[in-house]
Amino acid sequence: MNRDNIEALLDRYQKRETSIEEDHLIEKWLAENGNADPEWQQLDRSGKDQWLSDVFMEIKDTIKANEPKVVLIESRRYLWYKIAGVAAVLIMVFGLYLSWPLLEKRMLSQDLTSLSIPDHEKKQITLADGTQVWLNAGSELKYPKEFNGKTREIYLSGEAYFDVKHDAAKPFLIHTGKVLTTVLGTAFNIKEDQNKHTLEVTVTRGKVSVADDGKVLSILTSNQQVSLDMISRKPIEKTIDAQTVIAWRDENILFDDITLADAAIQLEQHFHVKITFNNDKLKRCRFSGATLKGDQLNKILDVITDFNNATWETKSSGHIVIYGEGCN
């Protein structure tokens, strides 16, 4: 927000054209940072309007852009009163400009519900608009109890799958750091990996717009994914089987005509392990027809390696290696 926007906000405040949220923000800042008039706290709304209007008009009349700042006076006492008034509003304008992001964040923390998911747990919730959200272990979601504005905005850290209730009049916005994901009504997965410094958005249904710090990276549709390196800010877009990405939601793991590489992705996400292959040809091997309970990794690995004439072992580092000749 620039200075012109702030001045316009203050002008609308005087005319009683601001929203309740804007009134709260302005008055909170004034209350916390003080004013030239010591009786400010005792003023009613009309009194505050008059005080701001008087001093604001004084600034408009006496201070021109790129011109000397001149204030006509009748006495030293009058000079001090005018200087105090002008200084108070200038401090308010520039202080509000500098502190606006912090104030917005403070207001958000007051108005949003925060839900944190412990490690090794998952949770499914329904938002006020009917949108369903599945949160993976270690994730955090901040959301309002009601979506009263022109948009539906929430804040995510970690991984979550969204099935968004369609509302063409209210876009659904997910903030993940500087990355903004925008939809109207669709289903998709967002995964932020702070250890790998990556963020992935994968669409299972509909269309999703992904922007990084205001720059649109991709417009994704079903079975498309964009992966963003959070350090270089370089995006990579690709086509992927979205069902393998969202496998973490289910207790049962379905292997239906997929490659061993896709099966490994499901297991990595479900059990939070790393799986590698000693032979890239193994990744191309396909199999199907196995639905396994996802609570014992070793039994699942035994089954899928038997399907593909392979073996597996766990290294001392904890990651799993699958061995075999592979498929052509």
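A residue is called buried when its relative accessible area is under 20% and exposed when that area is over 50%, with partly exposed in between. The legends below use these words for a predicted model.

**Figure 1. The buried residues of helix 7 in the predicted model.** Helix 7 covers residues 297-307. Its buried residues are Leu297, Ile300, Leu301, Ile304 and Thr305. Viewed down the helix axis, the buried residues fall within an arc of 125°, so they line one face of helix 7. An α-helix has 3.6 residues a turn, so residues three or four places apart point the same way. After helix 7 comes Asn309, which has a positive phi near 50°.

**Figure 2. The whole protein chain.** The chain has 328 residues, of which 39% count as buried. Its secondary structure consists of seven helices and 21 strands. Among contacts with a separation of 6 or more, 47% are between residues 24 or more positions apart. The chain exposes about 18600 Å², and carbon and sulfur atoms supply 49% of this area.

Figure 3. Ile219 belongs to strand 12, which covers residues 215-221. With a relative accessible area of 46%, Ile219 is partly exposed, because this value lies between the 20% and 50% limits. Leaving aside residues up to four places away in sequence, Ile219 touches Lys207, Val208, Ser209 and Gln224. Glu237 is 18 residues from Ile219 along the chain, and the C-alpha atoms of the two are separated by 9.8 Å.

**Figure 4. Strand 21 and its pairing with strand 17 and strand 20.** Strand 21 covers residues 320-323 and runs parallel to strand 17 (residues 275-277), to which three bridges join it. Strand 20 (residues 311-314) runs antiparallel to strand 21, and four bridges join the two. Thr311 stands opposite Tyr323 of strand 21. Strand 20 and strand 21 form a hairpin with five residues between the strands, and in this hairpin Gly318 takes a positive phi near 105°.

**Figure 5. Val321 in strand 21.** Val321 has a relative accessible area of 8% and is buried. The bridge partner of Val321 is Thr276. These two residues are 45 residues apart along the chain, yet their C-alpha atoms are separated by 4.9 Å. Not counting residues up to four places away in sequence, Val321 touches Thr276, Asn278, Thr311, Trp312, Glu313 and Lys315.

**Figure 6. Lys274 in the loop between helix 6 and strand 17.** Helix 6 covers residues 260-271. Lys274 is exposed, with 53% relative accessibility, because its value is over 50%. Beyond residues up to four places away in sequence, Lys274 touches Glu268, His319 and Ile320. Ala264 is 10 residues from Lys274 along the chain, and their C-alpha atoms are separated by 8.6 Å.

**Figure 7. The disulfide of Cys285 and Cys327.** A search of the whole structure finds one disulfide. The sulfur atoms of Cys285 and Cys327 are 2.0 Å apart. The link is right-handed, with 105° about the S-S bond. It connects distant parts of the chain, 42 residues apart: Cys285 is in the loop between strand 17 and strand 18 (286-287), and Cys327 is in the segment after strand 21. Cys285 is buried, with a relative accessible area of 1%, whereas Cys327 is partly exposed at 27% relative accessibility.

Definitions and conventions: Residues numbered from 1 in each chain as written. Predicted model: local features only at pLDDT ≥ 70, side-chain atom pairs only at ≥ 80, totals over all residues. Heavy atoms only, no water. Pairing = 2+ DSSP bridges. Disulfide = S-S within 2.5 Å. Buried < 20%, exposed > 50% of the residue type's maximum accessible area, 1.4 Å probe, protein only. Contact = heavy atoms within 4.5 Å. Areas by Shrake-Rupley, 256 points an atom, 1.4 Å probe, with all protein chains shown as cover. Arc of directions from axis to C-beta.
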